[in-house]
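Dear colleague,

Please find the structure below, with the sequence alongside. My notes on what was found in it follow.

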Amino acid sequence: MSKSLKVGLPPIARPDARLFILGSLPGDASLAAQRYYAHPQNQFWRLLGSVIEEDLQVLAYEKRLERLAAHRIGLWDVVGSAVRRGSLDQAIRLANHNRIDALIHDFSALEAIAFNGGTAATIGRKLVGVAQDVELIDLPSSSPANTRPFAEKAAAWARLASFCGPASCADG
């Protein structure tokens, strides 16, 4: 495996997003597919499905994104590009960060930013700074490299439900 410049994916969100979930930098499988959380062993879609009470894993990628939009959930990453061998966060070097602080200004309905994993949280909290009226939430990583039991991860991710409940995240 050679070290090469990896360029992340663009943000995905409707203008009325209430919650953004930010990862670090997509892994090689996601970059190759040009889809968020494309690695078959990544538990992201299963975890988020448990939060919104929908089986996202069985849906085609485009339908998954439609369901997130309906629940006013956006996706992005804290790192826009970096040199990295493989897919592990520990291998990220020479990172160029996304303008995460702009989310607070660009999305007027934003209530929370959740960080998928420790690297995303460490970098993201620095980039956001003091977020007034936006809750910052650290989540255990959905990556297969995080070997915590699924139930333990799901319990932590359940905290996101208050930002995507039926009353606040209804379609339309």
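Just after helix H2, glutamate 53 adopts a positive phi of about 60°. Helices here are DSSP runs of H or I with at least four residues, strands are runs of E with at least two, and both are numbered from the N terminus.

Please note that this is a predicted model, in which local features need pLDDT of at least 70, side-chain atom pairs count only at pLDDT 80 or more, and totals for chains, interfaces and linings use all residues. Residues are numbered from 1 along each chain as its sequence is written, and side-chain values use heavy atoms, with hydrogens and water left out.

Helix H2 (residues 44-52) is mostly covered, with seven of its nine residues buried. Buried means under 20% relative accessible area, exposed over 50%, and partly exposed in between, with a 1.4 Å probe and protein chains only. Among the buried residues of H2 are Phe44, Trp45 and Ile52. Their cover includes E2, helix H3 (61-70), E3, E6 and helix H6 (150-157).

The sheet is open and has four strands in the order E3-E2-E6-E7, with parallel pairing; two strands pair if DSSP finds at least two bridges between them. Strand E3 (73-77) and strand E7 (135-139) stand at the edges with a single partner strand each, so one side of each has no neighbour in the sheet. Strand E2 (residues 19-23) and strand E6 (residues 112-116) pair in the parallel sense over four bridges. In one of these, leucine 19 has alanine 112 of E6 as its bridge partner.

The whole structure holds twelve salt bridges, each defined as a side-chain nitrogen of Lys or Arg within 4 Å of a carboxyl oxygen of Asp or Glu. Aspartate 16 forms one with arginine 72, and their closest N and O atoms are 3.7 Å apart. This pair links distant parts of the chain, 56 residues apart: aspartate 16 is in the loop between strand E1 (4-7) and E2, and arginine 72 is in the loop between H3 and E3. Aspartate 16 counts as partly exposed at 26% relative accessibility, whereas arginine 72 counts as buried at 18%.

Glutamate 62 forms a salt bridge with arginine 35, with the closest N and O atoms 3.6 Å apart. Glutamate 62 lies in helix H3 and arginine 35 in the loop between helix H1 (28-33) and H2, so the pair ties together parts 27 residues apart in sequence.

Yours sincerely

Key. Contact = heavy atoms within 4.5 Å.
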